[in-house]
Amino acid sequence: ACQWLAGGRDHRVMEQPRIARPTKRKNGQKKGTNQRPAATHSNKGGRGEAVNGKASRADLASQARKGERHATPSQPANRGATQGRVAPQASGSAASKRARAGDAGHAIAAGRKRPRGSAGAASKLQERFKAKMESGQFRWLNEQLYTTTSENAVKLFADDPSLYDVYHRGFETQVGKWPENPVEVLVGLLKGLPHEWTVGDFGCGDAKIARFSPQKEIHSFDLCKTNEYVTVANSACVPLDDGVLDVAIFCLSLMGTDFERFLLEARRTLRANGTLFVAEVKSRFAAEEGDAELDDPSEGRLSQGSEERAKRKLAAMTAGIAAFKKTLRKLGFQLKREDLSNTMFVLFEFSKRPLASAGESKLRTEYSRLKTDSILKSCKYKRR
């Protein structure tokens, strides 16, 4: 009819933007809804029209702009949403991201913790794996240091200084499990000695004796420098003059197949009647022939077994301690006291027995005849 009145011209009827108004409910219409009957026009496909009850693009755009203008801060605009119509959904990936972000925001606002992801579990797994790797490295290094010469040990750490850190971290972990730390026992003994005495710590590690003892002059020697207190040196040849030490200390450091050279060097640097302290793991005295694989030699515990085997090991430890004291006597040291009360280590106190110059020369030329490998056993571990 419009076309006929216009003189047959094909004027497209442009639908004006609709303004949402409250309307009366019809029969059967639910409360809270405002449905409008779908507009139908004969001009199918015309721009701005509603065809077969579906909203046109222009209609949706217009309604979206209205929604943005009327939106409040607490209620964001819903693009394309009008009363009685459903807004087109966003793409799956974008919608899912926004949904996840919204859920996380609501969780934080509500005071709930965000669920822990896989990154935390992976980090803990890496830490356990690293600790296991370092434990294996420590065991390997410990065996190497016990079964090789001091020169080879110097070369080992010179080629890869990081191994020294691995070894001492493992050492601290092992000794930390003991009921009593021998370093702390020795520090307590030094506190009862004159503070003006000079002390030499052979195989000092991180030089705890130098850091916590009251003596003013303490020389700390080890294969790598961990702090300003440590002097890098082989314990078989330290940069000290003859007879300058009042006290020499070996705390779990008589390692290697030539440890008797360490004792001779301590004798050289000690004054006459000077004091020698030696703390050693009990299991190094207790191992029998063919019984090198102990439960945990670094902890000094005897292997658990039958009662007869335990008695045999106790007898072997007693014999080993006696052989060690005999060897020290041959090297010119006199036993003053020994302490077996600790479950993990034995503590000895010797004094340097004065010898004539000829006697000193004889000790240095004949020390190789000592069968030290049968006196202190090498610490070895069960294969895992």
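Let's start with Asp 246, which is buried, with a relative accessible area of 13%. "Buried" here means under 20% relative accessible area, "exposed" means over 50%, and "partly exposed" is what falls in between, using a 1.4 Å probe and protein chains only. The areas themselves come from the Shrake-Rupley method with a 1.4 Å probe, and for residues only the protein chains shown count as cover.

Before going on, a word on the model: this is a predicted one, where local features need pLDDT of at least 70 and side-chain atom pairs count only at pLDDT 80 or more, while totals for chains, interfaces and linings use all residues. Residues are numbered from 1 along each chain as its sequence is written, and side-chain values use heavy atoms, with hydrogens and water left out.

## Salt bridges

So who does Asp 246 pair up with? Arg 271 forms a salt bridge with Asp 246, and their closest N and O atoms are 2.5 Å apart. Arg 271 lies in strand 5 and Asp 246 in strand 4 (residues 245-251), so this pair ties together parts that are 25 residues apart in sequence. Arg 271 is partly exposed, at a relative accessible area of 26%. To count as a salt bridge, a side-chain nitrogen of Lys or Arg has to be within 4 Å of a carboxyl oxygen of Asp or Glu. Helices (H or I, at least four residues) and strands (E, at least two) are DSSP runs, numbered from the N terminus.

How many salt bridges does a search of the whole structure find? It finds 13. Another one joins Lys 311 to Glu 307, with the closest N and O atoms 3.7 Å apart. Both of these residues lie in helix 11, four residues apart, which is about one turn of the helix. Lys 311 is exposed, with a relative accessible area of 54%, and Glu 307 is exposed too, at 58%.

Then there's Arg 337, which forms a salt bridge with Glu 349, the closest N and O atoms being 2.9 Å apart. This pair links distant parts of the chain, with Arg 337 in strand 7 and Glu 349 in strand 8, 12 residues apart. Arg 337 is partly exposed, with a relative accessible area of 35%, whereas Glu 349 is buried at 13%.

Is strand 8 enclosed or open? Eight of the eight residues of strand 8 (residues 345-352) are buried, so the strand is largely enclosed by the rest of the structure. Both of its faces are covered: one side has Phe 345, Leu 347, Glu 349 and Ser 351, the other has Val 346, Phe 348, Phe 350 and Lys 352, and all are buried.

Now look at what runs alongside. Strand 5 (residues 270-281) pairs with strand 8 in the antiparallel sense over seven bridges, and here Val 278 stands opposite Phe 348. Two strands pair if DSSP finds at least two bridges between them. Strand 7 (residues 333-339) also pairs with strand 8 in the antiparallel sense, over six bridges. Leu 335 has Phe 350 as its bridge partner, and Phe 333 stands opposite Lys 352. Strands 7 and 8 form a hairpin, with five residues between them.

## A positive patch

On the surface, Lys 326, Arg 329, Lys 330 and Arg 353 gather in a patch of positive charge. Patches are made of residues with over 30% relative accessible area and no salt bridge, with like charges joined within 9 Å. Lys and Arg count as positive, and the place of a charge is taken as NZ of Lys or CZ of Arg. Lys 326 is found in helix 11 (residues 307-330) and counts as partly exposed, at 44% relative accessibility.

Most residues other than glycine have a negative phi. Ala 207, though, has a positive phi of about 60°. You'll find Ala 207 in the loop between strand 1 (198-202) and helix 8 (208-212), and at 0% relative accessibility it counts as buried.

Leu 252 also has a positive phi, near 55°. Leu 252 sits in the loop between strand 4 and helix 9 (259-269), and is buried with a relative accessible area of 7%.

Conventions. Patch = residues over 30% accessible without salt bridge, like charges linked within 9 Å, V, L, I, M, F, W, Y side chains within 5 Å.
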